[in-house]
Amino acid sequence: MAFGELLADSGDRSAADAVIDVAAERARTLGTRTRHYFNSAGAGLASSGVMSGMIDHLRKEEQGGAYEAAALVADDLNAIYVHAAQLLGCDTDEISLHDAATTGLRVVFDALRLGAGDTVIAPRSSYVSQALRLLTLEKVDGVTLRIIENAPDGTVDLAELEAALIAAPGAVISAVHVPTSSGLVEPVAEIGVLAQRHGAVYVLDATQSVGQIDIDVRAIGCDVLVATGRKFLRGPRGTAFNYVRRGFLETLKPWAPDVRGSEWSGETEWVTPVAARSLETWEAAIAGRIGLGLAIREALERGMPATESFIAEGAARLRAAFAEIDGVTVVDPPAATAGIVTFTVDGMHARDVSKELRARRIDTIAIPASHAQWDLGARGIDAVVRASVHVYNDQSDFDAFIAAVTDIAETQRGAAA
């Protein structure tokens, strides 16, 4: 389907043929009225509905107290688990809510109780927070950490991964769906096949894919999937959720049981039900969770297949356009098909390019090698400009962005001449 067709009004089409109504998305997204916003991989623009739901709840807390306000929205809070399960293709009791994806990963790795004799296998696409956690497990707890090299297309080398799994039966795979440093899409289902074949634990960081890619955790075959609310889901900061496979959950030993997921049943006894919620903590920003629930519902109503097609096509368009500009280098690997585009401008630091773009009301972000040493650092790239497409980006956004990068590159070439 051509990009112009993806921009069309959805009309009365069936879900299978649905396209994105960009005008409607922009109408409910105030941030599009003054900016050309290409930073959804950092934090997507929330809709007016999401923001209104959060503000309404804060008013309830103001007027009647936080506990009382939470009681009034108990059904809405329970619905978050239902809708998150629908989004990921799992069951409601396999969903847990958290304040950040980093927290979601931490509670799982805490519950794995890894130590000397255990092996964790990770790709070069790992995000800084998880990479530092794994390096700490290696340094402090004696865990063996194995970093898998990339195949020629930039994805994790599956043959090397399998060899590592054969050498370390029962290892933990800390995988990534889409990294922070490029539009790469890792072969997550193929990783799942290898994990099941060799009895490995499979934990998937999907913070950059949930909300832009249609996901089915059963098809992927992971034991855990960790997502955030603020990026492509267009929810609020401080929200996240996990999928934890039911059979796998029974093998975990939570490091710090909490009143949210456990019952103190006697002087020295407590009971923890077998449900993903046992990994949660009691305290939460309820207004943020209301916003998260609304954002998930909007994603479901929009349709993830149509969303994925629109975002991927828009990113492909940017890559093709930037590749034609003298002095601009697209640094995404060949397997980059997601909604993130990374590039550099000759003779300029990425942060300066992003600053120039922001002065023209175009929002991107510079990603330094310190956020992705196993990827950018290994490739000898000190920083990249990262742009990310979403369903509220229209023709004017793309035209302005491409024209601005062209002008910045031309000005830089003139200054260097």
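Q: Contact means heavy atoms within 4.5 Å; which strands does α16 lie across?
A: This is a predicted model, where local features need pLDDT of at least 70, side-chain atom pairs count only at pLDDT 80 or more, and totals for chains, interfaces and linings use all residues. Residues are numbered from 1 along each chain as its sequence is written, and side-chain values use heavy atoms, leaving out hydrogens and water. Here α16 lies across β11, β12 and β15, at about 20° to β12 (axes are lines fitted to C-alpha atoms, for helices over the stretch in contact; angles between N-to-C directions run from 0 to 180 degrees). Helices (H or I, at least four residues) and strands (E, at least two) are DSSP runs, numbered from the N terminus.

Q: In what order do the sheet's four strands come?
A: Strands of a sheet pair through backbone hydrogen bonds, either parallel or antiparallel. This open sheet runs β11-β12-β15-β14, with antiparallel pairing (pairing takes at least two DSSP bridges). Its edges are β11 (328-330) and β14 (365-368). β14 and β15 (383-388) share four bridges, and Ile 367 stands opposite Val 384. α14 packs on this sheet too, touching β12 (340-345), β14 and β15.

Q: How do the axes of α14 and α16 cross?
A: Two packed helices are described by the angle between their axes and the distance between the axes. For α14 (350-359) and α16 (395-416), the axes come within 10 Å and cross at roughly 125°. That makes α14 oblique to α16 (under 35 degrees is roughly parallel, over 145 roughly antiparallel, 65 to 115 roughly perpendicular, the rest oblique). Val 353, Glu 356 and Leu 357 in α14 meet Phe 401, Ala 404, Val 405 and Ile 408 in α16.

Methods:
Contact = heavy atoms within 4.5 Å.
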